[in-house]
Amino acid sequence: MDRIITFFQRKRAVSLILIFAAFMLIQLVILRLGNKAGRGFIMPEHQELVYYGMQLPVILGFVLRSFVNHRAVKLTALGVCFAGFWLMLISNEASLFYLIVTGTTVLCLGYTGGCVYYYMSCFADVKHFGLCFGLGYAFAVAVQYVFQLSFDLRPLIGVFVFCAFALLLMFLYTEKRVITSTEDKGFSSVPKFKLICAVVITVAMLMFTSYYNNYIHHLQIASNYTEYNVYSFPRLLMIPGVILFGFIGDIKKGKLLPVCTLCVTVIALLNAVLIGRETYTLNMCLFYLSMSAVISYYNLTFMFLAQKTKKPAFWASAGRIIDSAAVLLSFALKFSTLSAVSVLVIDIAMLSAAIVFMALNGDLNLSSIANKETKKSEPNAKITPGQIREKFGLTPKEAQVFKELTETDDKQEAIALRMNMSVNTLRHHITSIYKKTGAQTRAALCKLNITDE
């Protein structure tokens with residue numbers, strides 16, 4: 001077990017890819033199985049309600065993780081997911097039992113997802129974090145596509161999902177020792193308006209893709225997943241898509257990601273409105289490419305912001321929660337049945353909202369990147385570790401802790417994990433730093449981290 005803990009601590013990039021890939025594979029497979037719930041039991045014209053109904057327990061599961069954070073609950077939720085997956089795999093789809101198992105499994109899936117998203121957000125400052133996210137997501141999509149349950153490969157997908165559950169089990173066992181505190185204390189520096197902007201932009205982007213989502217899902221249900229299948233080859237575009245946009249998310253701390261997402265989504269919508277529904281394959285390709293951009297945007301944005309808020313467990317998965325909520329909203333608006341004119345009006349309104357809030361949030365001011373780089377290159381700002389030790393009489397380890405406290409907004413748990421020490425040890429160093437510097441708050445330490453030049 002100690003070797004596993006060491007792996008999670010030191011091989012952070014690899015562990016982030018594996019953990020996220022494991023969860024995403026489980027999520028994709030379970031939701032794919034859940035779409036079949038009620039076939040033969042629910043009237044065909046109401047079959048779509050299963051897909052939309054699954055969004056409620058998903059949302060509830062993610063929200064519950066924000067309030068309930070106990071290892072026993074985490075392991076129970078994972079166990080229910082594991083049992084539910086196998087029951088769904090072998091049970092009769094046309095039964096009430098299958099429908100009940102689906103709802104319970106999806107609820108626990110959401111809770112487990114909340115644990116994974118929170119853990120990921122603790123390392124949002126890791127180098128190439130966006131690429132780690134993209135590679136994990138892409139791997140899950142690739143595996144799920146190759147072993148689609150419509151083929152006679154159920155034993156193989158079972159093996160892959162079993163391995164994914166085993167990996168998440170190890171992760172949940174080690175998580176508490178890696179992040180020991182269950183309290184959402186810490187350094188809050190994200191203005192509420194910035195969070196509001198992220199929420200509004202995410203909703204607007206998702207409403208763009210909701211037109212596709214409802215339309216395609218409606219077609220595939222009507223054709224019984226034969227003529228129209230959302231899991232067909234255009235889905236493979238998500239593999240390079242999430243990797244590309246994950247990489248873009250690493251550039252200038254995600255500064256380019258909102259603009260790139262907006263451009264790709266607008267192209268997809270113009271095709272849907274101007275060319276129409278008849279170009280099904282092209283619509284599917286653009287749908288998955290735009291979904292890759294939107295998924296990357298909302299996941300990375302909220303993961304980057306989460307640890308700077310008072311409720312990181314909630315905000316880390318806020319994008320995923322909004323995604324499911326947007327699906328329900330689009331269903332209420334009956335997007336798939338609206339005329340092209342009505343869709344265009346709604347899309348223009350959403351586009352306008354996204355652009356306005358991007359402008360207010362500074363996402364469209366790309367010139368600020370150059371200004372920030374110029375400021376960083378100016379030889380004034382930060383004290384070197386040697387100067388810190390000399391000025392305040394700190395030990396080498398205390399000097400490192402000082403730099404972490406003043407140059408990042410991360411919580412103590414994330415800093416301790418990054419420095420490979422326990423939270424209690426970190427707090428001991430912080431107490432000593434406060435005593436030697438005379439500062440009483442983290443903000444006061446930040447003011448001390450400036451040269452006199």
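Phe 245 sits in helix H10, which covers residues 238-250, and at 3% relative accessibility Phe 245 counts as buried. The model you are looking at is predicted, and its chain holds 21 helices and zero strands.

**Around Phe 245**

- Leaving aside residues up to four places away in sequence, Phe 245 touches Leu 257, Cys 260, Val 264, Leu 289, Ser 292, Ala 293, Ser 296 and Leu 300.
- Gly 134 is 111 residues away from Phe 245 in sequence, yet their C-alpha atoms are 7.4 Å apart in space.
- The value of 3% is under the 20% cut-off for a buried residue, so Phe 245 is classed as buried.

**The chain as a whole**

- The chain has 453 residues, and buried residues make up 53% of them.
- Among contacts with a separation of 6 or more, 81% join residues 24 or more positions apart.

**Helix H2 against helix H5**

- Helix H2 runs over residues 12-34 and helix H5 over residues 71-90; their axes come within 10 Å and cross at roughly 45°.
- H2 and H5 are therefore oblique to each other, and H2 passes H5 in a left-handed crossing.
- On the H2 side, the residues that meet H5 are Val 29, Ile 30, Leu 33 and Gly 34.
- On the H5 side, their partners are Cys 81, Phe 85, Met 88 and Leu 89.

**Helix H2 against helix H6**

- H2 also pairs with helix H6, residues 96-121: the two axes come within 10 Å and cross at roughly 160°.
- That angle makes H2 roughly antiparallel to H6, because angles over 145 degrees count as roughly antiparallel.
- The H2 residues in this contact with H6 are Leu 16, Ile 19, Phe 20, Phe 23, Ile 26, Gln 27, Ile 30, Leu 31, Leu 33 and Gly 34.
- From H6, the contact with H2 involves Tyr 98, Thr 102, Thr 105, Val 106, Leu 109, Thr 112, Gly 113, Val 116, Tyr 117, Tyr 119 and Met 120.
- The crossing of H2 past H6 is left-handed.

**Gly 103 in H6**

- Gly 103 lies in helix H6 and is partly exposed, with a relative accessible area of 29%.
- Gly 103 and Leu 56 are 47 residues apart along the chain, and 9.0 Å separates their C-alpha atoms.

- Ser 432 belongs to helix H20, residues 423-437, and is buried, with a relative accessible area of 17%.
- The side chain of Ser 432 makes a polar contact with the side chain of Glu 398, at 2.6 Å.
- Lys 403 is found in helix H18, residues 396-407.
- Although a lysine, Lys 403 counts as buried, at 16% relative accessibility.
- Leu 445 is 42 residues from Lys 403 along the chain, and the C-alpha atoms of Lys 403 and Leu 445 are separated by 9.5 Å.

Notes: Residues are numbered from 1 along each chain as its sequence is written. This is a predicted model: local features need pLDDT of at least 70, side-chain atom pairs count only at pLDDT 80 or more; totals for chains, interfaces and linings use all residues. Side-chain values use heavy atoms; hydrogens and water are left out. Helices (H or I, at least four residues) and strands (E, at least two) are DSSP runs, numbered from the N terminus. Buried means under 20% relative accessible area, exposed over 50%, partly exposed in between (1.4 Å probe, protein chains only). Contact means heavy atoms within 4.5 Å. A polar contact is a pair of N or O atoms within 3.5 Å; within protein, one must be able to donate a hydrogen and the other to accept it, and residues adjacent in sequence count only if both atoms are side-chain atoms. Axes are lines fitted to C-alpha atoms, for helices over the stretch in contact, and angles run from 0 to 180 degrees between N-to-C directions. Angles under 35 degrees count as roughly parallel, over 145 as roughly antiparallel, 65 to 115 as roughly perpendicular and the rest as oblique. A crossing is left-handed if the near helix is turned anticlockwise from the far one by less than a right angle, and right-handed if clockwise.
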